[in-house]
Amino acid sequence: MKDAAPLPPDELAHRLVDVFDLVGPLYRRVQRKVEQGEAVEGLSVGVRAVLDLLHKHGAMTVPQMGRAQAISRQFVQRMVNDAAARGLVESTPNPAHQRSSLIRLTDGGRAAITAVVAREHAVLREVGGDLTDADVRACVRVLGEMVKLFDAVDVD
């Protein structure tokens, strides 16, 4: 079975360009879709990303969130400030680092991100193509390897 053999580096590079060609437009379309939902939840894409990180990982510092999302600390701080002004997150002392507070969801923040995720889940249920678990695992593996390649890129 030819498809099971690893691709030579030059051929792999050409095929991964196909992935980049899809990821960019997909990201921008998803971003616009999230922004359309802003009227429902009142969240920008950036605030939604902060709430999602905190929902999935618990309390985090702004630098941790920036690293996790490959976004500058300054941008994350602006999103945290916006979320805090809306009562969606709160700052708590960080026993591991006095100058970098932990940011955590409030009950309102938890309710907001739960509503967003439920709405997004309903949309994603409409994906077609008879995709299998193996298809999704392969996609996640490919994208994960591509993210690792760019881990050293400075986002600040």
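The questions and answers below concern an aromatic pair, a helix, a nonpolar core, a loop residue and salt bridges.

This is a predicted model, in which local features need pLDDT of at least 70 and side-chain atom pairs count only at pLDDT 80 or more, while totals for chains, interfaces and linings use all residues. Residues are numbered from 1 along each chain as its sequence is written, and side-chain values use heavy atoms, with hydrogens and water left out.

Q: Why is the pair of Phe 20 and Phe 150 called edge-to-face?
A: Rings of Phe, Tyr and Trp (its six-membered ring) pair if their centres lie within 6.5 Å; planes under 30 degrees apart are stacked, over 60 edge-to-face and the rest tilted. The ring centres of Phe 20 and Phe 150 are 6.2 Å apart and the planes stand at 70°, so the pair is edge-to-face. A search of the whole structure finds one aromatic pair.

Q: What makes this a link between distant parts of the chain?
A: Phe 20 belongs to helix α1 (residues 9–36) and Phe 150 to the segment after α7 (133–149), 130 residues apart. Helices here are DSSP runs (H or I, at least four residues), as are strands (E, at least two), numbered from the N terminus.

Q: Why does Phe 20 count as partly exposed?
A: Buried means under 20% relative accessible area, exposed over 50%, and partly exposed in between (1.4 Å probe, protein chains only). Phe 20 has 45% relative accessibility and is therefore partly exposed. Phe 150, at 42%, is also partly exposed.

Q: How do you know that the buried residues of α6 line one face?
A: The buried residues of α6 are Gly 109, Ala 112, Ile 113, Val 116 and Glu 120. Seen down the axis, they fall within an arc of 90°, so they line one face of the helix; the arc is that of the directions from the helix axis to the C-beta atoms. On the other side of α6, Asp 107 and His 121 are exposed.

Q: Which residues have the most contacts inside the largest nonpolar core?
A: A nonpolar core is a set of buried Ala, Val, Leu, Ile, Met, Phe, Trp, Tyr and Cys residues joined through side-chain atoms within 4.5 Å. The largest has 20 residues, and Leu 51, Leu 54, Met 65, Val 80 and Val 89 have the most contacts inside it. Its largest share, five residues, comes from α3.

Q: What makes Thr 61 a buried residue?
A: Its relative accessibility is 5%, and Thr 61 therefore counts as buried. Thr 61 lies in the loop between α3 and α4. Leaving aside residues up to four places away in sequence, Thr 61 touches Asn 94, Ser 100, Ser 101 and Leu 102, where contact means heavy atoms within 4.5 Å.

Q: Why is the contact of Lys 56 with Asp 52 called a salt bridge?
A: A salt bridge requires a side-chain nitrogen of Lys or Arg within 4 Å of a carboxyl oxygen of Asp or Glu. The closest N and O atoms of Lys 56 and Asp 52 are 3.1 Å apart, so a salt bridge is assigned. Lys 56 is exposed at 58%, whereas Asp 52 is buried at 12%.

Q: How are Asp 133 and Arg 137 separated in helix α7?
A: Being four residues apart in α7, Asp 133 and Arg 137 are separated by about one helical turn. Their salt bridge has its closest N and O atoms 2.2 Å apart.
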